[in-house]
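Subject: Structure handover

Hello,

Here is the structure for you to look at. Please open it alongside this note.

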Amino acid sequence: MSTRHILLGLLAGGPSHGYDLKRRHDDRFPEARPLAYGQVYTTLQRLVRDGLAEVDGTESDGGPERTRYRSTEAGTRELDRWAGQIAPPAPFVTNEIFAKVVVSILAGGDPDAYLRAQRAAHMARMRELTAVKTAHGADLATVLSADYALNHLDADLRWMNTTAARLTTLTAEVDAA
Amino acid sequence: MNTTGENPVPLLAARDLVKAYGRSEALRGASVGLDAGEILAVTGTSGSGKSTLLHCLAGIVRPDAGSVSYGGARLDELPEKRLSELRRTEFGVVFQFGQLIPELTAVDNVALPLLLAGVSRADAHTRAGEWLERFGVRGQAGLRPGEMSGGQAQRTALARALITRPKVVFADEPTGALDSLSTEQVMTALVHTARESGTAVLLITHDAQVAAYADREVRMADGAVAPVGVTA
């Protein structure tokens, strides 16, 4: 995920300082890894260097001085460009699950047992995510994030089910031969 | 709540069920237990025996061999009259297509189980209105099934299945014909209501995202309950 574009997106709502941007990022993307403060400030400095953001002022509120940033016109254009850019629909063929099943077949292991255990782990995670998104008061960002994860886990599961069925057919053919 | 399915006395249990239709064996030794208040998903490919298992557990179909027990007593040995009474008072059933009566309005459909149980017409309609409200379809109370969306019809069917506060709801692909957002509305309504009222749910589905609403999942293959993988 592009941190610079996420920060530009958060700045689109108005000027903000690094601490507030980090907090809003973590609220909006609850399933993502929380941003480190250092990463926020480094990214903001690069946005300023590239003319995509600028310093709006400083404030202290009795505490340490904090720099407020705002997006520039170039920043707005860059955000529009990025937001409309299609992400490559690349299949995740290097996925660990896929690799383990292939290696297990090659090595004469028990891919069926692995698939059953992996399937159970996927279902357990899907139950957790479903509980999160259907909890009373779940906000839109949490629901969207859970939906995204659920749909990807579901795709994995469908692949695992198809693979398990193929393995059964293959085994039956070998046994009959 | 028992999440392992190994409670010694589940509310509803199938043991070594066998059922054939002609030469086709739908169940070949299926065993499963459902605890009181538990939401259990039964998944599996088409033809794996999921629906036949539900029909046997709900007393709709009698198995050729094996046993079904409910509350510790043999369900499969009950006379038809007692079985019918049990289905009316303690079980609720929802299918893929809600099986609402097309000539009746939503509120009349939902009130029907209460009317059959001898509740007065006025009381039955008041309570049916409350259950439609609970499932977010009060505004459709005066519509007939053909005038509602699929999701609205299924939520009406759920209200009808739950209005008698059954001990067990049997749901066979209740969202099979719905889009993803309607599925979410139907499943959220079903799960929240079942948990509030302590109703156990046996949920048949081929959809993993629907199964994820359940407390536990068992998977069927070739007419039997397959071993579920455990993670280290």
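Below is what was found, starting with the ground rules.

This is a predicted model: local features need pLDDT of at least 70, side-chain atom pairs count only at pLDDT 80 or more, and totals for chains, interfaces and linings use all residues. Residues are numbered from 1 along each chain as its sequence is written, while chains are lettered from A and ligands numbered from 1 in the order in which they are written.

Domains first. The assignment for chain A gives domain 1 (3-84) and domain 2 (96-176); such bounds come from an automatic or database domain assignment. The C-alpha centres of these two domains of chain A lie 37 Å apart. Contact between them involves 5 residues of domain 1 and 4 residues of domain 2 of chain A. (Two residues are in contact if their C-beta atoms, placed from the backbone, lie within 7 Å.)

Next, the sheet. Helices (H or I, at least four residues) and strands (E, at least two) are DSSP runs, numbered from the N terminus. In chain A, 3 strands form an open sheet in the order β1-β3-β2, with antiparallel pairing. Strands pair if DSSP finds at least two bridges between them. β1 and β2 (53-59) of chain A are at the edges with a single partner strand each, so one side of each has no neighbour in the sheet. β2(A) and β3 (residues 66-71) of chain A are joined by 6 bridges. A:Thr58 has A:Thr67 in β3(A) as its bridge partner.

Two helices meet this sheet. α1(A) lies across β1, β2 and β3 of chain A, at about 90 degrees to β3(A). α3(A) packs on the sheet and touches β2 and β3 of chain A, its direction making about 125 degrees with that of β2(A). (Axes are lines fitted to C-alpha atoms, for helices over the stretch in contact; angles run from 0 to 180 degrees between N-to-C directions.)

Which residues of α2 (residues 18-28) of chain A are buried? They are A:Gly18, A:Leu21 and A:Lys22. (Buried means 20 or more other C-beta atoms within 10 Å of the residue's own, exposed 12 or fewer, partly exposed in between; C-beta atoms are placed from the backbone.) Their cover includes α1 (3-11), β1 (16-17) and α3 (37-49) of chain A. The face of α2(A) turned away from the buried side carries exposed A:Tyr19 and A:Asp27.

Last, the chain interface. 13 residues of chain A are in contact with 12 residues of chain B. The largest share of chain A's side, 10 residues, comes from α6(A).

Best wishes
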